[in-house]
Amino acid sequence: MRRLLLVLFTLALAGCADFPSLSDRVSEASLNAEYPKLIALSQEVPEESTNTGAEVIEELDSRTAGLWARIGTLFN
């Protein structure tokens, strides 16, 4: 009962709230501006993986089998 009253009070409070319109605060120049150029924060290049797709699939299959084995021990 208390939860129901709390939910109803929250909904009534949210219904009476005055939310500002954010679209009115953005100028036309800002709306028509070009998308900014993205720059890298660091010059580090991500490592290239030496794994092939088949190796990744084998690893995931073995991990999945291990998890199923652990689940089996929990329920037995």
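Which residue forms a salt bridge with Glu-59, and how far apart are the closest N and O atoms? I took this as my starting point in the predicted model.

**Entry 1: the salt bridge**

I looked up the ion pair and found that Arg-63 is the partner of Glu-59, with 3.9 Å between the closest N and O atoms. I note that this pair falls inside the cut-off, because a salt bridge requires a side-chain nitrogen of Lys or Arg within 4 Å of a carboxyl oxygen of Asp or Glu. The structure holds one salt bridge.

I then checked where the two residues sit. Arg-63 is found in helix H3. Arg-63 and Glu-59 are four residues apart in this helix, which covers residues 53–75, so about one helical turn separates them.

I also looked up the accessibility of each partner. Arg-63 has a relative accessible area of 53% and is exposed. Glu-59, at 39% relative accessibility, counts as partly exposed. The two classes differ because exposed means over 50%, while partly exposed lies between that value and 20%.

**Entry 2: Arg-63 and Asn-32**

I next compared separation in sequence with separation in space for Arg-63 and Asn-32. The two are 31 residues apart in sequence, and their C-alpha atoms are 50 Å apart.

I turned to the start of the chain. Met-1 lies in the segment before helix H1, which runs over 2–16. I recorded Met-1 as exposed, with a relative accessible area of 75%.

Met-1 also contributes to a nonpolar surface patch of about 660 Å², together with Leu-4, Leu-5, Val-7, Leu-8 and Leu-11. I asked how many of the 15 residues of H1 are buried. The count is zero, and H1 is hardly covered.

**Entry 3: the whole chain**

I listed the secondary structure and found three helices and zero strands in the protein chain. Read along the sequence, the pattern is α-α-α.

I then looked up the overall dimensions. The protein chain has a radius of gyration of 27 Å, whereas a compact globule of 76 residues would have one near 11 Å. The C-alpha trace spans about 55 × 55 × 20 Å along its principal axes.

For burial, I found that 0% of the 76 residues count as buried. The accessible surface comes to about 8,100 Å², and carbon and sulfur atoms account for 62% of this area.

**Entry 4: confidence**

The protein chain averages a pLDDT of 83, and 96% of the residues score at least 70. Confidence is highest in H3, at a mean of 92, and lowest in H1, at 83. I note that H3 is also the helix in which Arg-63 is found.

Conventions
Residues are numbered from 1 along each chain as its sequence is written. This is a predicted model: local features need pLDDT of at least 70, side-chain atom pairs count only at pLDDT 80 or more; totals for chains, interfaces and linings use all residues. Side-chain values use heavy atoms; hydrogens and water are left out. Patches are made of residues with over 30% relative accessible area and no salt bridge: like charges are joined within 9 Å, nonpolar side chains (Val, Leu, Ile, Met, Phe, Trp, Tyr) within 5 Å. Accessible areas come from the Shrake-Rupley method with a 1.4 Å probe; for residues, only the protein chains shown count as cover. Helices (H or I, at least four residues) and strands (E, at least two) are DSSP runs, numbered from the N terminus. Buried means under 20% relative accessible area, exposed over 50%, partly exposed in between (1.4 Å probe, protein chains only). pLDDT is the predictor's confidence in each residue, from 0 to 100. The radius of gyration is taken over C-alpha atoms; the globule rule is 2.2 Å times the number of residues to the power 0.38.
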